[in-house]
Amino acid sequence: MKAIRRLTVRPVLPDPLRPLSDLARNLRWSWHTETRELFRSVDPECWSACGGDPVRLLGTVSPARLAELAADPGFLERLTAAADDLAHYTGGERWYQERPGRLPAAVAYFSPEFGITAALPQYSGGLGILAGDHLKSASDLGVPLVGVGLLYRHGYFRQSLSRDGWQQETYPVLDPHELPLTLLKEADGTPARVALALPGGRELRARIWLAQVGRVPLLLLDSDVEENGPGERGVTDRLYGGGSEHRLHQEMLLGMGGVRAVRAYCRLSGHPAPEVFHTNEGHAGFLGLERIAELCDEGLEFDSALEAVRAGTVFTTHTPVPAGIDRFDRALVARHFGPGAELPRIDVERVLLLGTETYPGGEPQLFNMAVMGLRLAQRANGVSLLHGQVSREMFQGLWPGFNAAEVPITSVTNGVHAPTWVAPEVLRLGARHSGRRRAEEALAVGGSDRWDSLADLPAGEVWELRRTLREQLVTEVRERLRASWRQRGAGTAELGWIDGALDPDVLTIGFARRVPSYKRLTLMLHDRERLTGLLLHPERPVQIVVAGKAHPADDGGKRLIQDLVRFADDARVRHRIVFLPDYGMAMAQKLYPGCDIWLNNPLRPLEACGTSGMKAALNGCLNLSVLDGWWDEWFRPDFGWAIPTADGPGTDPDHRDAMEAAALYDLLEQRVTPRFYERGESGLPDRWIEMVRRTLSLLGPKVLAGRMVREYVERLYTPAAEAHRAMDADAARELAGWKARVRAAWPAVGVEHVETSAATATAELGTTLGLRVRVGLGDLVPDDVEVQAVLGRVDSEDGITDAACVPLKPAGGPDLDGRWVYEGPLALDRTGPFGYTVRILPAHRLLASGAEPGLVALPAGEQGEAAGMLMR
């Protein structure tokens, strides 16, 4: 029989055990070993059955056991110590509080998904795990962040396999009352609500759940409330589910409803109001519109409000391909704004222009969420050095006239939260040699000096650690493999071989990630006989553990999984290669430490960052990867191997796969496996162990989310907060009026004549030339612009590379024709082909960069040729 109603019966803890509830409700337990060990000791079997979830544990442990613990002095002493430690952690000063200067009072961080712990399954892949690691590291550093997301009733799907290896999806229902969440309530005890107006007089209402992530509150909006109609109740049903309108409703609720939730939380809790809003990918871009509407309600005009909002907004893009960006039909967006819908006092056309693809090749009938995100943020970044470059090229059309290198999109390379992903055994080894406190600070804060001691770890201890972790992975894989085969319909008699699956003494390769086609799950299968030879080599065998989910609508990705599963089902190799379904955080925390090699072979440059290899590296696993994402930036032969790529323009995809697969096999056969299996005089693989040491000591501090969050604070959040403070109502009106005046006058701005003191087209190194330029400024004055000489080496087509910009100065007032003369020195500081040009940019003290307005005047026609004179 089915229950007609479901409710949650909470345990009544004896008074001495009340702190357990607080410990369970703060998700710091998910990365704090001592707190997890405390909960495990409550009831080890129940802890395991509950999947390491303290909330479920406390709801299922017997009253007799609770009474026993309440009378156990040893347990109560540990409980008091854990509660005191949490109080010190959440209330004490940390890195942020010790920083000089006026830092942001608070930062609001919006993301469509958050991977905090397997006990709160609100993530699908790398974006969510990155967001979760961002929150946890902000907590460790004391950064006053407020996270904002959606609470999905079904989360992301659970994955299983059919008998023939086809991915199957199920969507378990999540009850918020059974999750580590509390409902945000008004002073009178009623749930706090936000509401959005929808077309046709409908309303989308949502309540606000609070997950406490250490020091950081995470607000999750939930539309499954009785006041909503059936369609509105389902807005937060599934992560990345539904059609265009469903997705639009999700993103309006995340962005606009999220701002309203932040305002409610700050009002009710006394938390400082955010000075900076960080949009993690375009899904939350509507938050900027909501903030514009707030300022318009306070009396600012739209353009002035836009400038004020931009000043305090940071936008992070995670996709290296246009197809990865959410785009909606303009008519659909238009229906959801203006009279009878949201933001009725704002002209719908102003809203639509923010997301319009105005650049060459754009589709003006579509509304682009990333384009809106960039237009609503004064600061933007990609998530690795290479991805920053790719992003500047991808969005260059928004800044016409500028080289890609000058597009105002910087990069902050992602990092991973080490306390979450480092195996306890690795932490204990580091603590033995550097001290517990130093080891914990190394993981949370970073700093290379704290990692130096790992360079001298004894070889025997390193190798023993690696084997222990590999053995734990083998045990885990066999358990999961057995469960998977039973789900696929296998009987007990068919599963005897699983007891021999994998070997704790064999080189173990891991490959686990989402399964879009560009990540090339099946590249390893390109030459199946050669792969089989590697797996079954009599002296240097390898074994491979594979996991990953395809999007439910991606049949191509599902076919890749099926191909891999069918190969792994072959009785000849199934003890050496396995596919584990339902990849998630719980599996990943076992998988990364247990592997010796982490494999990554995407199509370059389509991997924005790829943080799974970072998590593996923190456990002493070496990377074997295409030079893409973070690996392109930090690869060294000390840390692993780079797979050569054939990513030139026009390369046939099949030929490229064949070449790169062959390169992968060559590396494994000739370099990787020999190094793992060779033994030095000590009887240990000395060269391999040295690579593990260098990975830990040199690469470890680079890949930390603590390093990443510190960079966000120093390079983006603090400048954004300063700009926000400077952009009061008067300054916002001033900047908006100035931009309007400059745009109107810009057609009359131009470089009219350029001359130099050079008599010939050759000059000696160290020579300084005089440059004299006549410009027309129309209705503008010199205070409105900067006239620059742009100089550097030139390529075969006279394009300037490695350019430097030198401001020129006015040499007096305008002539009778209203023309201005600018002068300045031109230092020839490098040999070889050299060139220069002249340009005019708008200039204002409140701009973040000269490229921000997207206006530039360059020499034209013959004048351009003269201005680009080559010095050889």
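**Exercise 1. Leaving aside its neighbours within four places in sequence, which residues is Ile 577 in contact with?**

Before starting: this is a predicted model, so local features need pLDDT of at least 70 and side-chain atom pairs count only at pLDDT 80 or more, while totals for chains, interfaces and linings use all residues. Residues are numbered from 1 along each chain as its sequence is written, and side-chain values use heavy atoms, with hydrogens and water left out.

Step 1. Contact means heavy atoms within 4.5 Å. With the sequence neighbours set aside, Ile 577 touches Met 524, Leu 535, Ile 544, Leu 564, Phe 567 and Ala 568.

Step 2. Now zoom out to the largest nonpolar core, which has 108 residues. Such a core is a set of buried Ala, Val, Leu, Ile, Met, Phe, Trp, Tyr and Cys residues joined through side-chain atoms within 4.5 Å. Buried is under 20% relative accessible area, exposed is over 50%, and partly exposed is in between (1.4 Å probe, protein chains only). Ile 577 is among the residues with the most contacts inside this core, along with Met 524, Ile 597, Leu 624, Trp 641 and Trp 688.

Step 3. Another core, of 60 residues, lies apart from that one; Val 148, Ile 208, Phe 302 and Ile 346 are among its members.

**Exercise 2. Work out the order of the six-stranded open sheet and find what packs on it.**

Step 1. Helices (H or I, at least four residues) and strands (E, at least two) are DSSP runs numbered from the N terminus. Two strands pair if DSSP finds at least two bridges between them. The order comes out as β17-β16-β15-β18-β19-β20, with parallel pairing.

Step 2. Check the edges: β17 (577-580) and β20 (640-643) each pair on one side only. From one strand to the next, the twist averages 20 degrees.

Step 3. Look at one pair inside the sheet. β18 (residues 597-600) and β19 (residues 622-626) run parallel over four bridges, and Ile 597 sits opposite Leu 622 of β19.

**Exercise 3. Is Lys 615 buried or exposed?**

Step 1. Lys 615 counts as buried, because its relative accessibility is 4%.

Step 2. List its surroundings. Beyond four places in sequence, Lys 615 is in contact with Ile 129, Asp 133, Val 416, Trp 421 and Tyr 592. Tyr 592 is also one of the buried residues of α22, a helix (residues 585-594) with seven of its 10 residues buried.

**Exercise 4. Describe the hairpin of β23 and β24.**

Step 1. β23 (residues 785-794) and β24 (residues 800-807) pair in the antiparallel sense over six bridges.

Step 2. Val 794 has Ile 800 in β24 as its bridge partner.

Step 3. Five residues lie between the strands, and Asp 798 takes a positive phi near 70 degrees.

Terms used:
Axes fitted to C-alpha atoms, helices over the stretch in contact; angles between N-to-C directions.
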